[in-house]
Amino acid sequence: MSSRSGHRHSPACSPEVLLALKSQSRSLSLNRKRLLEAPPEASRLTFLARLDLSCNQLRDLPLVLESLELLQHLNLSANQFSDLPLVLASFSRLQYLNLFNNRLCRLEPAVLGCLTSLRTLNLNSNSLASLPAEICRLQRLTTLAANRNQLTSLPVELCALEHLQVLHLAYNQLTALPLEFGCLASLRVLQLQRNCLTELPESAARLHHLEYLDVACNQLQLLPARFGELNLREFYYERNPLIRRDPVHSTQEQEALGLKELCARAVMQELRSRASPLRDQLKAYPQLREQLSQCSRCAVCGGAFLNTWLECVRFEPFSPSGRMSKAGEDVDDGELGGGDDGEQRQQQQQQPIRWLPIRALVCSYKCFNAQSEFYGLAFL
């Protein structure tokens with residue numbers, strides 16, 4: 001056995017493991033050891049809290065490591081994992097998991113769902129096309145990073161992570177966000193640059209704790225109706241085809257409403273009175289109540305409408321507290337929150353857009369013509 005102790009690819013008789021056993025150390029680093037396999041004798045380190053196996057050539061972890069029940073911090077970055085190792089399901093106390101720069105093309109749902117103590121999950125620079133619905137079980141998660149993958153959509157279950165504060169989704173292929181995205185009530189930092197987003201959900205305006213938002217280099221034309229209520233400190237939005245403040249005169253002054261729309265508006269107007277008998281009568285018609293619950297409010301008069309409205313835009317001056325980023329700003333992929341990943345940022349900065357286009361829904365031409373701050377949308 002001693003003749004193989006110096007073999008750099010062999011997991012047997014690792015001097016670092018032997019030293020940890022002797023010293024009862026709670027931390028073990030085996031990074032950059034050119035390991036093809038994790039040393040199975042590490043399973044004897046049942047007191048271990050931190051394990052660093054980064055920058056090796058690992059494709060899996062041995063099941064004997066399930067004995068590391070006290071493990072809280074695991075770094076598996078810069079290896080060759082294509083899926084989550086099954087043994088991870090045994091690490092019920094794991095709080096930090098770094099899988100940056102691997103070959104992940106899927107996340108085994110049964111394993112991911114067991115990591116219920118996880119607070120930070122780094123999936124940057126992999127090949128993930130989707131995230132499993134089981135991610136909703138990570139209720140303690142505060143930081144999720146999935147920059148530079150191949151994500152085209154997000155599961156609605158992601159929006160159940162009520163403690164999530166930092167979400168990095170830059171450099172993917174996202175075309176839309178879940179309608180329930182505003183349920184991420186604790187979110188403070190959101191990176192969405194370099195995707196294919198054509199709009200942000202209206203619920204995004206409910207992210208009242210959001211301080212940092214980067215949507216640069218997407219396909220956005222409008223921002224959500226209540227976007228101005230966000231308390232952003234930094235907002236990056238360059239290289240989007242945002243609608244410009246170039247008004248075109250319209251002579252139309254009225255619209256023709258269908259019977260369903262007229263009835264819905266009349267009923268919602270009646271329901272504004274707490275004494276209305278319709279409140280009790282509607283309890284017998286759950287489907288009708290469901291339809292009426294989807295009504296929106298006019299940005300001018302506050303009246304309700306169901307399916308017929310004028311999609312308008314109003315322009316708000318860019319907040320002086322916001323900052324413009326350099327076009328195509330890069331993001332850090334390794335250890336979250338420091339520096340870039342080696343690519344040089346472009347030095348040319350676009351001219352600031354003086355007015356941000358905010359979506360506004362108006363119930364009629366009467367309301368539209370009564371306000372000079374709203375502009376109709378004309379796609380020429």
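Ground rules. Residues are numbered from 1 along each chain as its sequence is written, and side-chain values use heavy atoms, with hydrogens and water left out. Because the model is predicted, local features need pLDDT of at least 70 and side-chain atom pairs count only at pLDDT 80 or more, while totals for chains, interfaces and linings use all residues.

A pocket here is an open set of points on a 1 Å grid over the protein atoms alone, where a 1.4 Å probe fits, with protein on both sides within 12 Å along at least five of seven lines.

What lines the largest pocket? There are 26 residues, and the closest to its centre are Glu-202, Ser-203, Gln-294, Ser-296 and Leu-361. Lining means having an atom within 4 Å of a point. The lining divides into 11 nonpolar, 6 polar and 9 charged residues. Charged covers Asp, Glu, Lys and Arg; nonpolar covers Ala, Val, Leu, Ile, Met, Phe, Trp, Tyr, Cys and Pro; the others, Gly among them, are polar.

Strand 11 (296–297) and strand 14 (355–362) each supply at least two lining residues. Strands are DSSP runs of E, at least two residues, numbered from the N terminus.

Why does the largest pocket lie between domain 1 and domain 2? Because domain 1 (15–236) and domain 2 (257–313 + 358–378) both give residues to its lining. The bounds come from an automatic or database domain assignment.

Cysteines next. The disulfide count is 0, with the cut-off at two cysteine sulfur atoms within 2.5 Å. For Cys-367, the nearest cysteine sulfur is that of Cys-301, 3.7 Å away. Cys-367 is buried, at 10% relative accessible area. Cys-196 is partly exposed, at 36%. Buried is under 20%, exposed over 50%, partly exposed in between, with a 1.4 Å probe and protein chains only.

Last, aromatics. The structure holds 3 aromatic pairs. Rings of Phe, Tyr and Trp (its six-membered ring) pair if their centres lie within 6.5 Å; planes under 30 degrees apart are stacked, over 60 edge-to-face, the rest tilted. Phe-227 and Phe-235 make a tilted pair, 5.2 Å centre to centre, with 50° between the planes. Phe-235 and Tyr-237 are also tilted, at 4.9 Å and 35°. Ring pairs link Phe-227, Phe-235 and Tyr-237 into a cluster. Phe-227 is buried at 7%, Phe-235 at 4% and Tyr-237 at 2%.

Key:
Helix = DSSP H or I, 4+ residues; strand = E, 2+ residues; numbered from the N terminus.
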